[in-house]
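Please look over the sequence and the structure shown here, and then read the briefing that follows, which is grouped by topic for a reader who is new to both.

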Amino acid sequence: MDIYEIARREFEKHYDSRMTVSVNKPVKDGPFTKNDWVEEHKDVPCRISQKQLNPTTDSVSAGLSYVTILYCSNDIDIVAGSRIEITNPDGETRKYKRSSEGFDSYRTHQEIVIQREATA
């Protein structure tokens with residue numbers, strides 16, 4: 001076992017959530033083909049982190065914006081436009097969508113910026 005495998009195992013100990021990744025693919029429905037969401041990966045360990053982009057000050061109204069980053073194994077391919085359901089340690093599930101190209105240059109993990117799917 002090399003040093004990167006040890007580092008990867010240590011990094012993965014911090015994964016406290018589970019994700020299911022769905023992609024939009026053509027699905028045959030009798031004589032017709034339609035696009036539908038198909039689960040690509042299910043029950044995959046992960047972790048999310050949020051960082052506040054614009055800290056509020058006294059002179060600015062309280063408008064908050066965050067960037068949400070998904071950390072997961074770089075063995076998993078998550079394509080742009082994917083839908084990701086993440087269940088946190090408390091059992092709450094939130095839906096996200098893939099909004100950036102993954103940064104998988106690390107040997108221990110990959111980082112993907114995701115956006116929460118808003119419902120009005």
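Arg 8, Glu 12 and Asp 75 are linked in a network of salt bridges, a salt bridge being a side-chain nitrogen of Lys or Arg within 4 Å of a carboxyl oxygen of Asp or Glu. This is a predicted model, in which local features need pLDDT of at least 70 and side-chain atom pairs count only at pLDDT 80 or more, while totals for chains, interfaces and linings use all residues. Residues are numbered from 1 along each chain as its sequence is written, and side-chain values use heavy atoms, with hydrogens and water left out.

**Salt bridges**

- By this rule the count comes to 10 salt bridges, and one of them joins the side chains of Asp 75 and Arg 8 at 2.6 Å, N to O.
- That pair links distant parts of the chain, with Asp 75 in the loop between β3 and β4 and Arg 8 in helix α1 (residues 3-12), 67 residues apart; helices (H or I, at least four residues) and strands (E, at least two) are DSSP runs, numbered from the N terminus.
- Asp 75 is exposed at a relative accessible area of 61%, whereas Arg 8 is buried at 14%; buried means under 20% relative accessible area, exposed over 50%, and partly exposed in between (1.4 Å probe, protein chains only).
- Lys 95 and Glu 85 form a salt bridge in which the closest N and O atoms are 4.0 Å apart, and because Lys 95 lies in strand β5 and Glu 85 in strand β4, the pair ties together parts that are 10 residues apart in sequence.
- Glu 39 forms a salt bridge with Lys 42, with 3.8 Å between the closest N and O atoms; Glu 39 is partly exposed at 46% relative accessibility, and Lys 42 is exposed at 59%.

**Strands and barrel**

- Six strands close into a barrel in the order β1-β2-β3-β6-β5-β4, with antiparallel pairing, where two strands pair if DSSP finds at least two bridges between them.
- Strand β1 pairs with strand β2 (residues 32-52) in the antiparallel sense over 12 bridges, and Val 27 stands opposite Lys 34 in β2.
- β1 also pairs with β4 in the antiparallel sense, over five bridges, and the bridge partner of Val 21 in β4 is Ile 84.
- β4 and β5 form a hairpin with five residues between them, and Gly 91 in the turn has a positive phi of about 90 degrees.

- Thr 20 is found in strand β1 (residues 17-29) and is buried, with a relative accessible area of 17%.
- Apart from residues up to four places away in sequence, Thr 20 touches several residues, among them Glu 39, Lys 42 and Glu 85, where contact means heavy atoms within 4.5 Å.
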